[in-house]
Structures are given as C-alpha cells and as structure tokens.
Amino acid sequence: MVCLASLMSGINNSSLNIALPAIVSGLDAGPVAASWILLSFQLTHVTLLIFFGRLADVFGRRTMYLTGVGLFTAASLLAGAAPDAGTLIACRVLQAAGAAMLMTNSAALVTAAFPRRMLGQGLGIYMASFSLAQMLGPTVGGVVTTEWGWRATLLLNVPVGIVCLLWGLRVMERVPRSGAPLRLDPAGNLLVVLGLGGLLVALSQGGSGDWLHPLVVGGAVAFLVAVPVFLLVEKRVSAPVVDLALFREPVVGIGVLAGFLGTMSRFAVVLLMGLYFQAVQGDTPGEAGLKVLPIAVASIISAPGAGLVLRWVRARTVAAVASTVSLAGLVLLLVVIDVDTPYPLLITAVVVIGLGSGAFVPANSTAMLQDVRPDRLGITNAVRLMAQSCGVTISTAVSLMLIGLPLPPDLRAHVLEGSLSRVSPDALDGLIAGFRWTFGLMAVMSVLCVLASLVGRQVGRDVPGSRAAVTDVEG
C-alpha cells in the first residue's frame with residue numbers, strides 16, 4: 001500500500017514534466033506562471049515535510065498517511081478541472097500538502113517494518129516504486145496528454161487514490177496516539193517559506209533576464225536574510241523544524257548534504273530532456289514521454305539491485321560508486337547534446353545517469369537510517385526528505401531559468417510551450433547553449449556529491465556501530 005501511494009504521487013510529478021508544454025499552451029500561462037505550476041508543489045512539499053512528520057509522531061502515522069491520500073486525491077480532481085493557471089497552482093499546493101503527509105511517513109513505516117539486516121533491501125524495494133513512477137509517469141503522461149489532453153494526467157490520480165484509501169483503511173493497523181504534547185515551530189516554518197520562496201521567486205523572475213526587477217531583488221534579499229535568522233531561531237526553540245543537533249552526527253550530516261547534492265545534479269534530467277525533445281526536435285508529448293522512458297527503466301533496475309548489494313557492501317561505498325556513474329552520464333550528455341544529436345547517443349548518456357541515480361538513493365538513505373535510534377527515525381527521515389526536496393525545488397527553478405537565458409525574451413515562453421522549433425528554428429542554437437549551461441552546473445553538483453559520499457565513507461568507518469548492518473568489501 002505504501003508503494004502504491006508513493007507510485008501515485010511520483011507519477012503525478014513525473015507526468016507533469018512531460019505535460020508542462022501542453023498545460024502552458026492550454027491555459028495560456030506565461031513563463032513565470034509556468035514555472036510555478038511545478039515550483040508551487042515543490043515549495044509547499046518541502047515546507048510541510050517536517051511539520052507533518054511531527055504531527056504524525058503525536059497523532060499516529062496511520063491517521064496522517066490516510067489523510068494525505070484523501071487530500072491528494074481530492075486536490076487532483078480539482079486540479080483536473082482548473083480553469084486557469086492560478087487555480088491550477090492553488091490545487092497543486094493542496095496536492096503538495098497531501099503528498100507531504102505521505103512522504104514524511106513512508107520510509108519510516110518501511111524502516112520500522114524491516115529488521116536492520118534487511119533494511120537496505122526493504123528501502124530498495126520502496127525506492128523502486130519511485131523509479132517505477134518515473135518510468136510510467138513521463139510515458140503515461142505523454143501518451144494521455146497527446147490522446148486526451150493534459151487534464152486527464154491529473155484525473156488519473158483519482159481512481160488510484162480511492163483504491164489506496166480503501167486499501168489503507170482495511171489493512172493498516174490502528175496505532176494508539178503517543179499522548180506527547182504537540183510542539184510546533186511556526187517561526188521556523190515561516191522562515192523556510194520566506195527564504196526558499198524568495199529564492200524561487202528570484203530565480204523564476206530572473207529567467208526574464210531583468211536581474212534588477214523588484215521581485216528578483218526582493219526575493220534574493222528575503223533568502224539572504226531568512227537563512228541566518230532561521231539558523232538562529234532553530235538553535236533556540238524546543239521543537240525546531242530542523243533539529244540542528246542531528247548534524248552533529250557526521251553520518252547524518254554528510255548523508256543530508258550528499259542527498260541534496262545528488263538531487264540537485266540529477267532530478268531535472270527528465271524535465272529537461274522532455275523539453276528538449278518537444279522544443280528542439282518537435283516531438284509530441286507522447287513521443288517525448290517514450291523517449292525519456294529508458295532513464296526510469298535504468299533507475300528501477302538499479303534501485304533494488306543496490307538494495308541487494310547493500311547486504312554485503314558498505315552503504316557509503318555503494319553511494320560513492322553510484323554518484324560517480326551518474327557523473328559520467330552527465331558529462332557525456334553535456335558533450336554530445338546538440339540540435340541534431342542522434343537519439344541512441346543521447347539515450348546512452350541518460351541511461352547511465354539513471355543507473356547511478358537509482359542506486360544512489362537507497363544507498364545514501366541506508367547509510368543515514370541504519371544506525372539511528374528508533375525514536376529518532378521519524379525526524380531523521382523527515383530531515384533527509386526535506387534536504388532532497390530542497391534539491392528538487394532549487395534544481396527545477398535553476399534549470400527552467402538557465403535553459404532560456406541565451407534566448408531573446410520574446411522567445412523564452414516558446415521553450416516551455418515546446419514550440420520553439422516551429423516558431424524560430426534559428427534560435428535553437430541558443431537554446432542548446434542553455435541546455436549546456438544547465439547540464440554543466442549539474443555535473444559540478446555531481447562532482448560535489450561524489451566527494452561528499454567519499455568523505456562520508458571515511459567518516460562512517462570511524463563511527464561505532466556504523467557497520468552493523470553490512471559487511472565492508474574492500475578493493
């Protein structure tokens with residue numbers, strides 16, 4: 001049931017990466033509104049992860065999980081009927097709240113269900129549901145959008161959500177409430193919204209090329225002020241959004257950093273390649289969805305495979321190798337991408353990225369969670385998810401900004417509509433330059449991820465009990 005609900009949420013996000021041009025065209029959305037169709041979900045999601053994680057500890061994981069399923073399903077129904085971009089963005093916010101209730105509980109439920117020696121395998125199976133979502137989402141979303149329109153991609157969540165809700169009501173055991181007092185951190189949550197939201201506003205508006213626009217300047221100032229204030233507040237409150245004490249544990253701190261960098265370096269690949277095939281090569285959403293399918297197939301093969309390997313090899317070793325594989329794929333993609341690059345060459349690079357990405361996530365998660373005390377699993381997992389969600393959000397905003405910067409302002413909207421190859425074929429070289437800038441930045445993030453994983457491998461060797469769940473294999 002956990003995997004099915006995660007599959008629903010994952011398909012929703014990955015399908016919109018392919019359907020975005022059709023949504024932009026259908027709702028006549030501008031570049032900023034188009035960006036926020038994706039960013040509104042991601043910002044809300046990252047803001048509420050810790051909040052709902054704490055509510056789950058007080059009210060019970062079953063209640064929080066099933067509430068999330070119901071809210072996500074209802075919001076999907078409303079989103080499918082949205083008359084304009086503003087309404088769709090509001091519905092995406094509600095979807096994100098439901099998804100946060102799901103995500104903040106899922107890995108903790110799986111971790112509690114599996115014995116420590118089987119945790120890597122259990123997380124590998126759970127993570128495979130996201131890889132399956134990545135596989136099905138772009139393909140299903142592309143085909144459905146081409147045949148029945150973009151609204152159908154959102155409405156597909158409704159029957160799946162109803163099944164998940166009924167199944168969960170039947171099989172999930174009721175857990176007594178802990179009775180612990182509910183302690184929240186409203187100031188911390190507000191600062192997360194102001195800081196990350198300000199950064200996203202600056203990046204999305206900066207895509208217009210007007211870096212002195214009041215929204216760009218105001219967003220940047222909000223981010224720069226909110227970050228240090230947030231750190232000061234979190235040191236003083238009794239129930240912080242982010243427990244900074246967790247970062248005193250080297251394995252957790254480095255795991256969070258590696259997860260953030262890994263997400264920054266790989267998450268936007270499907271979004272970018274979907275836009276490339278539609279805006280550069282003139283493909284339909286269905287054709288683009290099929291063309292990006294191999295990256296998800298590679299991920300779904302490597303994720304459970306990594307889970308099996310983790311029974312014998314240290315998690316940090318697997319994470320370092322996996323992030324190196326993804327780096328190799330990004331470098332190849334950066335070198336070969338052009339207006340007329342043959343598909344087999346492009347997809348080879350994309351598959352290599354997928355193989356590394358699929359193996360990295362369960363390996364990095366296992367390295368963080370396998371030695372955490374049971375009473376700290378919920379908050380540690382929530383911090384892990386929050387860091388990865390920040391990477392997803394910032395990666396999306398930066399990617400959507402960078403790819404259009406080399407183009408004249410009046411042509412940038414046609415990139416997100418997927419129509420640039422028809423409107424102005426002469427501008428495609430500029431768009432390719434934007435793709436190269438973006439993939440180059442992602443490659444830099446991947447290098448940092450490799451270094452963080454290697455440092456974590458060395459630190460983990462010196463942490464008592466860090467090898468309890470796996471056997472180290474040297475050489």
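The structure described here is a predicted model. Arg-384 lies in helix H16, and its side chain is joined to that of Ser-365 by a polar contact of 3.0 Å.

Helix H16, which spans residues 377-402, also contains Cys-390. With a relative accessibility of 19%, Cys-390 is likewise classed as buried. When residues up to four places away in sequence are set aside, Cys-390 is in contact with Val-46, Leu-196 and Phe-260. The C-alpha atoms of Cys-390 and Thr-263 are 8.6 Å apart in space, although 127 residues separate the two in sequence.

A further element of the model is the pairing of two helices. Helix H13 (residues 293-309) packs with helix H15 (residues 343-369) at an angle of about 30°, and the axes are 7 Å apart. H13 is therefore roughly parallel to H15, since angles under 35 degrees fall in that class. The crossing of H15 by H13 is right-handed. On the H13 side, the contact is formed by Pro-294, Ile-295, Ala-298, Ser-299, Ser-302, Ala-303 and Ala-306. These residues meet a set in H15 that comprises Tyr-343, Ile-347, Val-350, Val-351, Ile-353, Gly-354, Leu-355, Gly-358, Ala-359 and Pro-362. Classified by residue type, the contact between H13 and H15 has 13 nonpolar and 4 polar residues, with no charged residues.

Terms used
Residues numbered from 1 in each chain as written. Predicted model: local features only at pLDDT ≥ 70, side-chain atom pairs only at ≥ 80, totals over all residues. Heavy atoms only, no water. Helix = DSSP H or I, 4+ residues; strand = E, 2+ residues; numbered from the N terminus. Buried < 20%, exposed > 50% of the residue type's maximum accessible area, 1.4 Å probe, protein only. Contact = heavy atoms within 4.5 Å. Axes fitted to C-alpha atoms, helices over the stretch in contact; angles between N-to-C directions. Parallel < 35°, antiparallel > 145°, perpendicular 65-115°, else oblique. Left-handed = near helix turned anticlockwise from the far one by under 90°. Nonpolar A, V, L, I, M, F, W, Y, C, P; charged D, E, K, R; others polar. Polar contact = N/O pair within 3.5 Å; in protein donor to acceptor, adjacent residues only side chain to side chain.
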